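User: I have a model open and would like to go through a few of its features with you. Could we begin with the surroundings of one residue?
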Amino acid sequence: QLLTMRECISIHLGQAGIQAGNQCWELYCLEHGISPDGDMASDSSVGVADDSFNTFFSETRNGKHVPRAVYVDLEPTVCDEVRTGPYAKLYHPEQIINGKEDAANNYA
């Protein structure tokens, strides 16, 4: 039997991307019964990757579900909102990447 693994990785860039992504992941969690800290009480298949929500979430060894997402911004303000928000425990710290300064005067 061949097991097909489907994975979708979301990349959220800049203030609008991060804010929209944060709302999107909150909705995914609500739809799949995943709590803000990544626990899923109804998941009886811990460690089994054939559930549909595993396309968007990675399951850790202890059964916690972590979004397959990366947040990137040049300034820390919006990233800090995710780090301190109600779903802060959902993300691994390495998934939220930011620069040190305001990006207001950067022009391409």
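User: Which residues is Thr55 in contact with, leaving aside its neighbours within four places in sequence?
Analyst: This is a predicted model. In it, Thr55 is in contact with Arg6, Glu7, Cys8 and Arg68.
User: Where is the place of Thr55?
Analyst: Thr55 is in the loop between α1 (14-32) and β2 (57-59).
User: Buried or exposed, that Thr55?
Analyst: Thr55 counts as buried because its relative accessibility is 17%, and the cut-off for buried is under 20%.
User: Changing topic: what is the order of the strands in the open sheet?
Analyst: The order is β1-β4-β5, three strands with parallel pairing. β1 and β5 stand at the edges with a single partner strand each, so one side of each has no neighbour in the sheet. From one strand to the next, the twist averages 15°.
User: How many bridges join β4 to β5?
Analyst: Three bridges join them. On the β1 side, β4 pairs with β1 (residues 10-13) over four bridges, and Ser10 stands opposite Ala69.

Methods
Residues are numbered from 1 along each chain as its sequence is written. This is a predicted model: local features need pLDDT of at least 70, side-chain atom pairs count only at pLDDT 80 or more; totals for chains, interfaces and linings use all residues. Side-chain values use heavy atoms; hydrogens and water are left out. Helices (H or I, at least four residues) and strands (E, at least two) are DSSP runs, numbered from the N terminus. Buried means under 20% relative accessible area, exposed over 50%, partly exposed in between (1.4 Å probe, protein chains only). Contact means heavy atoms within 4.5 Å. Two strands pair if DSSP finds at least two bridges between them. Axes are lines fitted to C-alpha atoms, for helices over the stretch in contact, and angles run from 0 to 180 degrees between N-to-C directions.
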